[in-house]
Amino acid sequence: MKQLIEILHDEGLTLVVRSENGDIHRFTQRGVKDLVTLVGERPEVLQGAFIADKAVGKAAAACMVVGGVKCVHADVMSEPALALLNAHGIIAEYGQLVDHIINRTGTDWCPMERLSRGIDDPTVIIQKIKEFFSSH
């Protein structure tokens, strides 16, 4: 995990995934877009994977649960994300635990965190994310 965290920080990435086969995948999109794409188009990358991420809210955690991730480190993780990961047996560690993820301007909740609030089924959360992306 230490190597993934170093890659995340040293290369200025938003997400690093080490697949079960040892391949390391690097991502730079903000938010949950890369995770949603992986769940939908390349689920084998997430199955049994180790992940280092800048920020993990409940929506990102839902993608990790559905994708079958084994272990995740987040620089910042929300309490709802931690609860969801723990409920599904995913090892989770973080640099900072927060009540919720904030938006990019720092003025309100992250839209994905708000969207997933009160929903416990990861597949329903992912469906809500897809609906949000298709309408924006």
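Okay, let's start with helix H1, residues 2–10, where Leu4, Ile5, Ile7 and Leu8 are buried. They cover an arc of only 160° around the axis, so they sit on the same side of H1. That arc is taken from the directions from the helix axis to the C-beta atoms. Buried here means under 20% relative accessible area, exposed means over 50%, and partly exposed is in between, with a 1.4 Å probe and protein chains only. Helices (H or I, at least four residues) and strands (E, at least two) are DSSP runs, numbered from the N terminus.

Before I go on, this is a predicted model: local features need pLDDT of at least 70, side-chain atom pairs count only at pLDDT 80 or more, and totals for chains, interfaces and linings use all residues. Residues are numbered from 1 along each chain as its sequence is written, and side-chain values use heavy atoms, with hydrogens and water left out.

So what do the buried residues of H1 pack against? They pack against strands S1 (15–18), S2 (24–27), S3 (50–56), S4 (71–78) and S5 (91–98). On the face turned away from the buried side, you'll find the exposed residues Lys2 and Asp10. After H1 comes Gly12, with a positive phi near 65°.

Now look at Val16, in strand S1. Is Val16 buried or exposed? Val16 is buried, with a relative accessible area of 0%. Leaving aside neighbours within four places in sequence, Val16 is in contact (heavy atoms within 4.5 Å) with residues including Leu4, Ile7 and Leu8, plus Phe50. And Phe50 has Arg18 over its face, at 4.9 Å from the ring centre. For a charge to sit over a ring, NZ of Lys or CZ of Arg must be within 6 Å of the ring centre and within 35 degrees of the ring normal.

Next, the aromatics. Rings of Phe, Tyr and Trp (its six-membered ring) pair if their centres lie within 6.5 Å; planes under 30 degrees apart are stacked, over 60 edge-to-face, and the rest tilted. That rule gives one aromatic pair. Phe132 and Phe133 form it, edge-to-face, 6.1 Å centre to centre with 65° between the planes. Phe132 is partly exposed at 24% relative accessible area, and Phe133 is partly exposed at 27%. Lys33 lies over the face of Phe133, 5.8 Å from the ring centre.

Last, the whole chain: seven helices and five strands, with 47% of the 136 residues counting as buried.
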